[in-house]
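Subject: Structure handover

Hello,

Here is the structure for your files. My notes on its aromatic rings and one surface patch follow below.

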Amino acid sequence: MSRFIFPANPVLEAIKLISRQLHNSKLEDAILDQCQDSSKVTMDFFNCTEQQAILLAGLLQLYFEDKEASMEELLSHIDMPLIVAGTLNQYLDVFVKRDWIRPEKDVHLFPDTRYIFSKQMIQCVMLGDWSSMPVKEETAKNVPQLLNLFGKRLNAMKKGKNDFAFFSNQIVEMLAGHKKLSLPKFIRQQKLNNEDTCLFMHLCWQHFHGRSSVDIDRAVVDFRFDAENKYYIRQSLTSQTSFLFKKELVELTEEDSLFAMTSYELTEKSLKAIDPNATKEIKQKAAGFLATRLPDSIHYKDLFYEEKQNELIEGLKEVMMPAKFQEICSRFRNKGLKAGITVLFYGGPGTGKTETALQLARHSGRILLLADASKIRSKWVGDTEKNIRELFAQYRTLKNKSQSCPILLFNEADAVLGKRRAVADRADQMENSLQNILLEELEEFEGIFIATTNLEKHLDDAFDRRFLYKLKFENPGQETRMSIWKDKFPDVEESMLLGVSRMYHLSGAQVENIQKKVTLDTLLKPEFRLTE
């Protein structure tokens, strides 16, 4: 037993074991599988793939044994021909770019060349610690490249190569070295401390990688803050006292009704710091009384109408196309009219009113803002009227932010668009007040408004002149009904469909429901046969 204590270095041990397995292995999987644990150690330490880690370990062991750390010597050790040298050199290129190793000659002309190791890299391997390894400074030409550099620094910290204090100083120095770029300039103007700077940069980095709602918890976890620090950051966000809110760098999105979670997104001010030409897009959920459907999220569906009805729908399609809509709005304004299109779809349930509105939005590439009647009506005196005002104000705000005028859809509008009544009590007075506000809003409305209702007779006559288009949806006639059956059951004999179509005068929604039921029966019962 020795009087001396030698600290364990699992990296050196792993390199030695890998080199032993490489000897005469011809890089065969069966042999390399025997050193998987060692490969994992080197992969984690060198932050690279398994192939890269194995080859680097082979070269390092040659260096430690005072042999020539060349591709020729490594191939001799592995027992492979020189012809594969070019391919193996490509695996090592990642370490060349990190300035850890350098080929003595051009690898394309001399693929068997010797590799020279940097002193700092060898020192880090001998110590099993990267803290003494200087970070190679890279220069970003634009903000996306700068955010990529941030990601590299973040990844190094997450791998345990340094702590948050070291990382935050790195980031501040990196931003100071890119003063002319828009994002560092913006951060400097906000006068943020190191921790705030890193948190904001993490949110920008998430946005750059396609996250519409930024995840504060992800940043807090990545930075490995202690429990107390995590608590205060989360509390400041919940109470909106955080610097992120004070500086108007983030804003709340709508609360997730399914999981009761609050999410955040970058403000337009922050987005412009990343890209000066950025505009704030409406997200999948809009705050308050409006739920959002993006046109790309609406699935195409064939709809079948009666001849006269089809003419009116085709006319609406044309009106809502961006160029035509702009032309119509300009003409309205020139004549002193409000630049708005208001439409009423009325008729029985399942006749395609809502689906037509959805398909119009998809066809014209417009965002659909769906008014939630359950959120609008309130049991508190005066709140429903206030909510209606707020809803239309939200629509105007979102319309101004959107590149293309969105559609405001009041589905089952009879829930809010009713008849004014003779005042007998306070409830009648409140109901009339609500109708008057709606009439005022529609009178001044600019944009695209669609209301659907099953109970057209329940609407006040005053609403009639507020609608530029009124389309009645009826149960389809025999010819149209047959087209729907063929669309839903293309593989069924036409004679069978004809018989069912004549026997049952169903709506399109009812036929679609039958299609779902048949599909379910087919899945649950393999022996199922479809009969009339």
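A charge sits over a ring if NZ of Lys or CZ of Arg is within 6 Å of the ring centre and within 35 degrees of the ring normal. The charged end of lysine 470 is placed this way over the ring of tyrosine 346, 5.7 Å from its centre. Arginine 366 has its charged end over the ring of phenylalanine 325, at 4.8 Å from the centre. Please keep in mind that this is a predicted model.

Next, the ring pairs. A pair of aromatic rings is described by the distance of the centres and the angle of the planes. The structure holds 24 aromatic pairs. One of them is tilted: phenylalanine 186 and phenylalanine 200, 5.9 Å centre to centre with 40° between the planes. Phenylalanine 186 belongs to helix H10 (residues 182–190) and phenylalanine 200 to helix H11 (residues 194–208), so this pair ties together parts 14 residues apart in sequence. Both phenylalanine 186 and phenylalanine 200 are buried.

Tyrosine 305 and phenylalanine 473 have ring centres 6.3 Å apart and planes at 75°, so they form an edge-to-face pair. Because tyrosine 305 lies in the loop between strand S5 (290–293) and helix H16 (307–320) and phenylalanine 473 in strand S10 (residues 469–473), the pair ties together parts 168 residues apart in sequence. Tyrosine 305 counts as buried at 15% relative accessibility, and phenylalanine 473 is buried at 1%.

Ring pairs also link Phe392, Tyr395, Phe410, Phe445, Phe449 and Phe467 into a cluster.

Leucine 520 lies in helix H25 (residues 508–524) and counts as partly exposed, at 44% relative accessibility.

Regards

Note on methods: Residues numbered from 1 in each chain as written. Predicted model: local features only at pLDDT ≥ 70, side-chain atom pairs only at ≥ 80, totals over all residues. Heavy atoms only, no water. Helix = DSSP H or I, 4+ residues; strand = E, 2+ residues; numbered from the N terminus. Buried < 20%, exposed > 50% of the residue type's maximum accessible area, 1.4 Å probe, protein only. Phe/Tyr/Trp six-rings, centres within 6.5 Å; stacked < 30°, edge-to-face > 60°.
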